[in-house]
Amino acid sequence: MEKHLSEKFYQAMKLKESRYPDRKALILPALHQAQAEYGWLPKEVLAEIAQYIGVHEAQIREVASFYTMYNLKPVGKMHLKICTNVACCLRGADELVDYASKKLGIQCGETTADGTFTLSEEECLGACTTAPVMMANDDYVENLDIPSLNQFIEKVKHER
Amino acid sequence: MPKCTIDGKEVEFKPGENLVSVAKRAGVEIPVFCYHPGLSVVAQCRMCYVEVEKMPKLQTACSTQAAEGMVVKTQSEAVKKGRAGTMEFLLLNHPLDCPICDKAGECDLQDNSFGHGSEYMRHGEERRTYVDVDMGPVIQKNMNRCIHCTRCIRFGEEVAGIHEMVAIKRGNNIDITTIDGKQLKTEYAGNYSDICPTGSLTLKDFRFKKRAWMLQKTATVCEGCSKGCNMEVQHEGNVVYRCVPRENLEINKYWMCDEGRFNYHYVQDPTRILSPMKKSGDSWLVAGWDELLPSLKSDTATGDVLFLVGTDLTLEEMKSIREAAAAWAPHARIQSFGTPGVETSSLDGPKDTILKMKSKTSNLKGAEKLGIAPLSGVAKADSVVVFRGGRAELPKIEAKKTYGIGVFFERERNVFGVLLPGLSFLEKDGTVVNHQGTEQRLKRALTPRGRCKAIGEILMVTYHPKTTEARV
Amino acid sequence: MSDNQQTLFVQHFWNDANRSVDYYLAKMGGYESARKVLGGMAPDQVIEEVKKANIRGRGGAGFPMGMKWSFIPKNSEKPKYLVCNADESEPGTCKDRQIIRYTPHVLIEGLLIGSYAIGCNHAYVYIRGEYVREARLLEEAIEEARAKGFLGKNIFGSGFDLEITVHRGAGAYICGEETGLLNSLEGKRGEPRVKPPFPAVSGAFSCPTAVNNVESIANVPHIIRMGGEAFAKLGKIDKSGGTRLISLSGHVNKPGVYEIQAGSMTLRQIIDELGGGVWKGKKLKAVIPGGSSSPVLTADEIDAVYDVEPLMKIGTMMGSAAIMVIDEDTDMAKLLLRITKFYAHESCGQCTPCREGCHWMESLLHKITHGEAKPSDVDLLVDVAGNIGGKTLCALGDAAAMPVQSFVKKFRAEFDAYAKGHKRHA
């Protein structure tokens, strides 16, 4: 089977192997590690992970599709996930989503044509006391408002 | 034995038994979907609710073990409301496919809806739909009908040993499928259709052929291998439409393999020999019993005669061959044949980790019990008579005269000079002995086709001195 | 009263640098409790102290931690596991994040003591996938502890070994449910299991397991340091010892994570004194007292003491101690739609009432708030919620049903206004 994942992936996974009594417990860490490298999880990568762990390909697919953080479709370089759950909703998250959608010219769930931004609504991120909150790739951006959201998007645009 | 009370009746139970099983023995049928005695308990469908004294919430009977002194009610108002609630939820997205669905008439969803659900629909929203995948030659998938009981997923994982049927996504969108349109690999795929409580997984082989309530059902035994899985053959008008496994906890539990399940087709194969025939030059001619049987008698009267007994015949058939030989052809050698490489039961053994055995005939042990030694090498004699039920594999034969008595097909007839059509396993009663040494009864489901005769009858007519020539 | 509160955590929640092991050793009496325990306390004694402390589980269920630990069999052929539930996904809750990013060592020390108490040599911290930075900080802290000899083999020369592994989740609220968490740890879909068997008998990898919340475990070093009785006395209310971390959010002037001695303040006092009252000079309309799963309270109902039993008595729950304050301008039907959408999205899909019912409730609320519903649809909504609550395999069904039932009961007029066509979703 052609290998899509790097040596780095296999080395990182090797360090984790002794930490679990059952090899299947490596599935979530493997998916995180592969996604960190690839940006998303194409079928070939999932098949390779299945081979590495030693399970049927379908088992990896069923696990990966259960969790919202695993991207089974490609995403933009900057994935903006704006929380619209209770605390953030109470403090204006819906307006922020509308603003981002108009500014980027895409609906929730879509990616900009140049592949820079993907916009999503998100469930509670666990930072409710600094609502509204969004996740920008791995980072939390808290106490969000329209000016800071605008600034953030502009900064990312210029860095590209 | 400890006791508990179900609907006022005292019932004994074995420690560890769940309430569904205990209630069944008390004659109380608790409706279920996800529960199956051959699979792990998940208590997901929430249909098997019962009220247990001292417990405030309704309990799922499948996951509740009976306890000494437990008082269970299966017909209280709360239970009825709970079941009606579950039925309502299950029917929210279920399509009204009954008129075109194979499962109608044997569908758990229909039965439980009729018994425990409401007549009215309160849901007027758009229904959830799925795109179906092709799962291969055995199973037809219709995901819109699925009620997510996950029996199929558990079967694949726990019984078939291949985790190929999976649930992807979560919540209301769960899709139960194989991935990437891959076909089911398991050789036990037919069982998916048996366990599915709706028409979501059905047999392609049975699709649109016959309504379930029109089928007559005969309990018999599979002849596919020496396992002897208990089977039910379902037929109407002397045509077999489907075979399904019967429960036997000592032998096949609740399952059977696809090879055994679809084995019945050969009985109705249009190339099966159904009339007495003889070879004439390059062609085959239908002939009369009165013409062929006397030549069988004279060809086996003297010389080196070999009777080859298929290990796919019943004990009774094998005995009648031995008795006929003893009485009228005592010089004849009698040897068995069946599956190459598995001539004796010591060479027999499991072919996979589930049910299949190496011997592809049902009565290898029976032949041994009767003291019939296996053929080794080529079948060489002046006259060879092959008695066969339909599964035994023909060995290489070198003889001046070759007779075939039993089930044969056009594709293999040229090795013979005369073919006398016999009965398949669905057309006769008899006894077979499986690999564990258990004797089981075959039960006749079909009347003989064409001019097929039982082996015993053929032998009697051939050899009995008082027989006069029959007029065709 | 908010004055004179004795607190154990929040005084350290202000500077990133406080997370270092050096700060913990110097300023928080770091690892002294663990030293005491491993230096001569029997595991049973540790569990006794925790029982005396009257510490209720701080994840949401409120089950006494000492009792939970005592369910783990003393002798077991299989290894035993202590699993820390850092999934923190109950909407409104963000207290465990504070502990992990500012004082991770108090959690590590708690895991050390807890593992010793139940006989576990490998503990797991299951942390929600979105806490990427926090997971990294925790792993760094674990390495710091290992470098100092607080983890690994023969800790403090006691002969006791412990490894801690941080295991990241990947975005599923249901993995906060203890058996869903265990399935996720094992590499499966995070679907809750049928109980029995309970985790104490068969949990992680089919071994006896105790699953505890971050805050619960983080209190253990304090319990050992001050003794169980003193810890219990910190709580001002029967059966509830120690302090509680509260996530206060929504329409307040000062949202934040606060700490109070258990049962020492009413809901009103928390909102007014700690939270600075309702923002923008608005009037209070409603309060969700314990995470979105808890039944909502009206502005008249907030004089209850903020703790487990007093809140139960008024028909709601303390849950994960996440208070969300709602002002007079809020559309309750729209808010309920958002809450119900959350549960429908997070339902694992195993059991019929939750899988089908949550989505149905969402559709009904969508219809209602878009002015497409009849008045009887509001009754239907409540009836559907009644067919879900108490009828599901795990508590997510109840969590979805309770907001629907309480919102409609207490703010019926708003729903009726939509259904009768007087109001339309903007």
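I shall speak about an interface, then about domains, and finally about a sheet.

Please bear in mind throughout that this is a predicted model.

I begin with chains A and C. Here, 33 residues of chain A are in contact with 47 residues of chain C. Which elements of chain A give two or more residues to the side that touches chain C? They are α2 (27-38), α4 (57-64) and α5 (86-90) of chain A.

Let me turn to chain C itself. The domain assignment divides chain C into domain 1 (10-234), domain 2 (243-327) and domain 3 (332-419). Between the C-alpha centres of domain 2 of chain C and domain 3 of chain C, the separation is 23 Å. Seven residues of domain 2 of chain C are in contact with nine residues of domain 3 of chain C. On the domain 2 side of this contact, three residues are nonpolar and four are polar, with no charged residues.

Finally, I come to chain B. Its strands β10, β11 and β12 form an open sheet in that order, with antiparallel pairing. Which strands lie at the edges? β10 (216-221) and β12 (239-245) of chain B do, each pairing on one side only. From one strand to the next, the twist averages 30°. Strand β11 (residues 230-236) of chain B is joined to β12(B) by six bridges. Within this antiparallel pair, Glu236(B) stands opposite Val239(B) of β12(B).

Thank you for your attention.

Terms used: Residues are numbered from 1 along each chain as its sequence is written. Chains are lettered from A and ligands numbered from 1 in the order in which they are written. This is a predicted model: local features need pLDDT of at least 70, side-chain atom pairs count only at pLDDT 80 or more; totals for chains, interfaces and linings use all residues. Two residues are in contact if their C-beta atoms, placed from the backbone, lie within 7 Å. Helices (H or I, at least four residues) and strands (E, at least two) are DSSP runs, numbered from the N terminus. Domain bounds come from an automatic or database domain assignment. Ala, Val, Leu, Ile, Met, Phe, Trp, Tyr, Cys and Pro count as nonpolar, Asp, Glu, Lys and Arg as charged, and the others, Gly among them, as polar. Two strands pair if DSSP finds at least two bridges between them. Axes are lines fitted to C-alpha atoms, for helices over the stretch in contact, and angles run from 0 to 180 degrees between N-to-C directions.
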